[in-house]
Amino acid sequence: MDILETITANTRREVAWQKQALPVDALLRLGSPWLAEAPCSMRRALAESETGVIAEFKRRSPSKGWLCRDAAIGAVVPAYEAGGASACSVLTDGGFFGGSLEDLKQARRLVRLPLLRKDFIVDEYQLYQARTAGAAAVLLIAAVLSPGECRRLARTARELELEVLLEVHTPAELSHLNGYVDMLGVNNRDLGTFRTDVENSFRMADRLRREVGGGEGPLLVSESGISDPETVVRLRDAGFRGFLMGEAFMKTGDPGRALAEFIVRLKEARP
């Protein structure tokens, strides 16, 4: 099994246990302070932003190990907001990325940024978890879903007022695109090998623009491997409006400061 298959198999086991321990109806009966209001739009936040940076909170990576073992949501995510992030991605996988749903809940209590639940979503139950934990959007990964599964999950997300970021790595995975997708992301990291090549976004840019059509189609996002402002400028010229960055900030030991400095350099680099 490659890394992605290993993670996905583990996720399916965990979700099966979670559903048995706390079924959806019981989850909803527990209540949530965020169910009474519609989440803010991550798509709109990116579209209206000068920078479009989605700053990610991630303690570890399967390929890199621990980036910042003791990173605290309370220190990092508010600093991301103050530093100029347009949105924040929170890893909620525990075994491979060191995250949890509690991280997402704490982030929602502390900031007004739209929050993305980043995980390996394979079951509708995880969408209910995301909604009750305060997420504004969820990640659906084409590589772990069939087109039919992707459409079903995206439709349920829409019913729950969650936006969908669909992640693809190859042109063939564009078959997963459907009318419930709000943002279309290109992962520059091959999830089978975890090798990263930011040029993947540029190689796919023309095809993506044809697929999404005009301004009403999904907003384009480039994910992973971005570390310098000049790359973001080039990506914006290619049609991308969201830029998901995590390791570049988390490995510094002061992610909020690293983001703020990056935003300053990005504004200086833009024509």
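Two aromatic rings of Phe, Tyr or Trp (for Trp, its six-membered ring) count as a pair if their centres lie within 6.5 Å; planes under 30 degrees apart are called stacked, over 60 edge-to-face, and the rest tilted. Searching the whole structure in this way turns up 3 aromatic pairs. The structure is a predicted model, where local features need pLDDT of at least 70, side-chain atom pairs count only at pLDDT 80 or more, and totals for chains, interfaces and linings use all residues. Residues are numbered from 1 along each chain as its sequence is written, and side-chain values use heavy atoms, with hydrogens and water left out.

**Aromatic rings**

- A pair of aromatic rings is described by the distance of the centres and the angle of the planes.
- For Phe 249 and Phe 262, the centres are 5.9 Å apart and the planes meet at 75°, so this pair is edge-to-face.
- Phe 249 belongs to helix H10 (residues 247-250) and Phe 262 to helix H11 (residues 255-269), so their contact ties together parts that are 13 residues apart in sequence. Helices here are DSSP runs of H or I with at least four residues, strands are runs of E with at least two, and both are numbered from the N terminus.
- Phe 249 is buried, at 2% relative accessible area, and Phe 262 is buried too, at 3%. Buried means under 20% relative accessible area, exposed means over 50%, and partly exposed is in between (1.4 Å probe, protein chains only).

**Charges over rings**

- A charge sits over a ring if NZ of Lys or CZ of Arg is within 6 Å of the ring centre and within 35 degrees of the ring normal.
- Arg 60 has its charged end over the ring of Trp 66, 5.3 Å from the centre.
- Arg 234 is placed over the face of Phe 202, 4.1 Å from the ring centre.

- In strand E4 (residues 87-91), 5 of the 5 residues are buried, so the strand is largely enclosed by the rest of the structure.
- In a regular strand the side chains alternate between the two faces of the sheet.
- Both faces of E4 are covered, with Ala 87, Ser 89 and Leu 91 buried on one side and Cys 88 and Val 90 buried on the other.
- Strand E1 (residues 53-57) runs parallel to E4 and is joined to it by 4 bridges; two strands pair if DSSP finds at least two bridges between them.
- Strand E5 (residues 115-118) also runs parallel to E4, again with 4 bridges.
- From E4 the chain passes through helix H5 (residues 101-110) to E5, making a right-handed β-α-β crossover. Right-handed means that, with the strands pointing away from the viewer, the path from the first strand over the helix to the second runs clockwise.

**Pocket and cavity**

- On a 1 Å grid over the protein atoms alone, a cavity is a set of points where a 1.4 Å probe fits but cannot get out, while a pocket is an open set with protein on both sides within 12 Å along at least five of seven lines; lining residues have an atom within 4 Å of a point.
- The largest pocket has a volume of about 450 Å³, and among its 26 lining residues are Gln 18 and Arg 117.
- The largest cavity holds about 140 Å³ of space, and its 16 lining residues include Phe 97 and Asn 187. Grid points are joined across faces, edges and corners, and a volume is the space filled by probe spheres set on the points.
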